[in-house]
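Subject: Structure for you to look at

Hello,

Here is the structure I promised. Please open it and keep it beside this email as you read.

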Amino acid sequence: KEIFLKDYKEPDYFFEKVDLNFQLGEETTLVFSKIFVSPRVEGCSAPLVLDGADLKLIVLKVNGEDVKGDDFHVDSRHLTLTSPPSGKFTLEIVTEICPQKNTSLEGLYKSSGNFCTQCEAEGFRKITFYQDRPDIMAKYTCRIEGDKSLYPVLLSNGNLIEQGDLEGGRHFALWEDPFVKPCYLFALVAGQLESRDDTFITRSGRKVSLRIWTPAQDLPKTAHAMYSLKAAMKWDEDVFGLEYDLDLFNVVAVPDFNMGAMENKSLNIFNSKLVLASPETATDADYAAILGVIGHEYFHNWTGNRVTCRDWFQLSLKEGLTVFRDQEFSSDMGSRPVKRIADVSKLRSYQFPQMDNFYTVTVYEKGAEVVRMYKTLLGAPGFRKGMDLYFKRHDGQAVTCEDFFAAMRDANGADFSNFLLWYSQAGTPRLNVVSNYNAEAKTYSLKFSQEVPPTPGQPVKEPMFIPVALGLLGSDGKDMPLSSVYHDGILESISNNDQPTHTTVLRVTKKEEVFVFNDMLERPVPSILRGYSAPVRMDSDLTDADLYFLLANDSDEFNRWEAGQVLARKLMLTLVSDYQQNKPLVLNQQFVNGIKSVLCDSSLDKEFIAKAITLPGEGEIMDMMEVADPDTVHAVRSFIRKQLASELKNELLITVGNNRSSEKYEFDHQNLSRRALKNIALAYLGSLEDAEITELALHEYRTATNLTEQFAALVALDQIPGKVRDEVLADFYDKWQHEYLVINKWFALQAMSNVPRNVENVRKLLNHPAFDLRNPNKVYSLIGGFCGSLVNFHAKDGSGYKFLGELVVQLDKINPQVASRMVSAFSRWKRYDETRQNLAKAQLEMILSANGLSENVFEIASKSLAA
Ligand code: ARG
Ligand code: ZN
C-alpha cells in the first residue's frame, strides 16, 4: 500500500528508553528488548502497533507479566497490543533472528565473518518489534554478548560503560548512548577487527578518540580515511561552529553493504570501498569519494542525528542539507569550480531523468541544490544565521523541510515568496531567456520565462522561485559593474551577498518577467546562472559567438565550462540529426579550435582543463532528443572524440609527456590535476586505435606507480580491440586478483564495453570465480556497468534487456534493495523507439509476474510500467 505525506499522524505512544540485549549465536541470535512506553496523551488506550519483519516472537511482557493471547495479535508485519494499560508502562520483547541467513543486508546480518547492522530506513523492524519510524526518539543502552574468540570486538552507539568475560568462552560489552535517537540510527558491530586510532581535540577542548575498524590486513589502507575524518571535524567547527559531542567516534568498513555508508550515532558503518585506499589500489576518484563520504557521514551527526526527520518524506531535510555540506567541504579542500562542475554533471546525468523515489539523486543531489539556493539568496553569513537558528530551535527533534525553511527565513527576515514549491513540485523547470540591446536608449534587457513540465499526478504547475546569478561581460571580456536594475518597471538596487564582485542575483518568481539594465554603452554578453545558481534547464538566445566569448573570458569558471558544454551539446545534436539522415559527419573547425585553445592554455587549472575538454555524456544528449537513439548518440560521440584526437594528436601527446611524474603519489590538488589532464589526453588518444598509441598506453600501463595512472592506461587500451587488449586485461587480473576492490573496476570496465554483443562476455563473467551475486559492489560493477553501455544494454535484439530482466528476478531472491536499484535501469523505457519500448516493457511485465516478488522491486517496476 502506498503511503502519502498527507497521511502523517503523530504517534499515540512515545518510547522514552530502550534497553537492548543481543545474544549472538552461530545459528540464531536472541534479541531482548525492554521499552519504557508513555502515551502521548494521558489516558490513551489506543492499540499499540509495532512493526516487525522476519521475526520469531519468543516472549512478550507488559509491566513484567506475560501478555495473554487475547491482548495481542501478530501478523507477518506487525505485533499489536490490543489493550495496553493506560499511563506509562514497560514492554519486554524477546525475538529470535537469523543474521547468518540475512542476505538482504538490512537489519542485523553477518558479512565476511562479522555481524553488522543497517537500519535506515526500515531495517530495525528486522531486529525486533518496534515503532519503526523516525519520530520515535529514545535513549538506548545496548548489551552485546558473544563468543570472545570469534567476536573479540563488540561495538554499539555511545559510550562503552562495562565489559567483561563470561562462562563458555563468551564475553559482553555494555554501551550507552546519552542522546535520544530514532531506531534507524541504531548500530551494532561484532567481529575480528582491528583499529587505526587517532585523536581529535575539539575547539572547546574535548578529546575525542577516533577509531577506524577493518580486518587486520586492511589497516594500512585507512590512513586517508583518518585524514579525511579529522579534516571534516575541523571544517564543521570552522564553517558551522559544530563540534563533536561524545568522547568516541568509530568507523567500521564492511565489504557487503547496499549503499555507500551510514551515519549511525558515533558508529558509522561504511562500504569498504569508501574507506580503504592505497596509491596502488585506489584512484584519485576513490580518494576524492572517500573524503566526501567520510565528511558526509560525519556531518550527519548534526544534520541528521541531533536534528532528524519527522517522517521519510522529509528525507531531503537531512540528505539534501548534508550533501550540500559535503560538497562545500570538498570544495574547500580542493578546487571549488571543478567540484561544482562535477556535481552539476552528476545532477544532469542522473537526476534530470529520474523518477521520484527514496534514496536517490533527487533526494540527495537535487535536495542539495535547494539548500544551495538558500545560500545563494542569503549569502554565507545569512545562511549561517539560518543554520544557527535551525539548531537552536530543533536540537533533539524530528522535523520537516518546512521547519528548515522557516529557520532560514526567520533568521534573516527574508522574503522567500513561493520558494517552498521546490519541495512539493516535481520536475525540472525550463527557463528561457531572451535578450535585447537598445543602442539608442542604452538599455539592455533580459526577459525570463519559465515553465515546469507536467509530471505524473501534477498536471498543472505554478511558477517557481529561481535565483539567477548574473554577470554582464563587456567587449574587453571583463565583468561590467552593476548597481541597479529595473525589474518589471521598478528600480531595484543590486545586492551582491557574498557573490564575487559584479555578480548579482536576480529573483525570478513569475511565469514571465523582464529585467532592464541602464547606461549600457555597448551590448554586453550575459553570463547567466553563474555557478549554476538554480537546478533548471536553461535555453537562451546566446549565439555561438557569444558562447565562444564566454568560454574564453568568463570570470565565472563554472560558466566558462558551461559555455563549452552548450556548444558541444548543440554540435552533438546537429551531428545526431545528420547521422540519422545518412549525411556524412563533419566536425566544425571552430569547435576543434575552441577545445585546442583550452587544452593549450597554460594559465588554466589542469583539472579544469580536463573537465572542459570532456564532452557531455551520452545520457545528457539522449535526454534532449524527442526519441532517444542510443546507437546514433554513441556513434556521434565516438566520432567527435576520434576526430578531436586525430586533429589534436600532437597537442595530446605533448600533454601526456608533460604531465608524467616519477614522484611518490600524493593526493593533493597539484598532483591529481596533473594526472587528470594526462589521463584524459591518453583516453582521447586511445580512440585513434593506432599502433603508436598502443605502444604509448602499454608503456604508461607498465610504468605506472599508482592505480589512477595504471587504470587510465588500461581504459585507453580497452578501446583498441585485439590481442594486446586481451593480454593486458588478463595481466591486470593476475596482478590484482587479491584486491577485490580493484577487481571490481576490472569487472566494470569490461561490462561497460561497447564492443557489439558484449552481453555474451558479461554472462561469462557472472561465472567468474571472483564474481558473487550476493556482494552488492560486484553487482553494481558488472550488472550496473553493463546497463551503462548504450550499445549493449539497449541492443535492438533485446538481448541486453533480457539479460537484466533475468538477473533482476534472480537477484530479488537474494537482495531486494540491490535488485530494485538494478531494475531502475528500465525506468526510462518510454524514451526509446517502439521496438525497444516493446522489448523493455516485456521484461518489466515478466519481472512483475515473478513469484514472490519483493515490495522494493514491485514498486520500481510497476511505477516504471505506469509512467
Ligand atoms: N543515510 C545514509 C547516507 O546518506 C544512506 C543510507 C541509506 N541506506 C538504505 N539502505 N536505504 O549516507
Ligand atoms: Zn546521507
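Below are my notes on a sheet, a hairpin and a pair of helices.

First, the ground rules. This is a predicted model: local features need pLDDT of at least 70, side-chain atom pairs count only at pLDDT 80 or more, and totals for chains, interfaces and linings use all residues. Residues are numbered from 1 along each chain as its sequence is written, while chains are lettered from A and ligands numbered from 1 in the order in which they are written.

**The open sheet**

Four strands form an open sheet, in the order S9-S10-S15-S12. Their pairing is antiparallel. (Strands are DSSP runs of E, at least two residues; helices are runs of H or I, at least four residues; both are numbered from the N terminus. Two strands pair if DSSP finds at least two bridges between them.) The edge strands are S9 (107-111) and S12 (153-156), and each pairs on one side only. From one strand to the next, the twist averages 15°. Five bridges join S9 to S10 (residues 114-118). Look for glycine 107: glutamine 118 in S10 stands opposite.

**An annotated domain**

UniProt, in an unreviewed entry, annotates residues 79-185 as "domain: Aminopeptidase N-like N-terminal". Such annotations may be inferred rather than shown by experiment. Over residues 79-185 the chain is 0% helix and 51% strand. The end C-alpha atoms are 22 Å apart.

**The hairpin**

S26 and S27 form a hairpin with two residues between them. Aspartate 488, in the turn, has a positive phi of about 50°. Four bridges join S26 (residues 484-487) to S27 (residues 490-493), and the two run antiparallel. Tyrosine 486 has leucine 491 in S27 as its bridge partner. S26 is also joined to S29 (residues 512-517), by two bridges, again antiparallel. There, histidine 487 stands opposite phenylalanine 515.

**Two helices**

How do H17 and H18 cross? The axes of H17 (residues 707-718) and H18 (residues 723-736) come within 9 Å and cross at roughly 150°. (Axes are lines fitted to C-alpha atoms, for helices over the stretch in contact; angles run from 0 to 180 degrees between N-to-C directions.) That makes H17 roughly antiparallel to H18 (angles over 145 degrees count as roughly antiparallel, under 35 as roughly parallel, 65 to 115 as roughly perpendicular, the rest as oblique). Leu714, Leu717 and Asp718 of H17 make the contact with Val724, Arg725, Val728 and Phe732 of H18 (contact: C-beta atoms, placed from the backbone, within 7 Å).

Best wishes

Terms used: Two residues are in contact if their C-beta atoms, placed from the backbone, lie within 7 Å.
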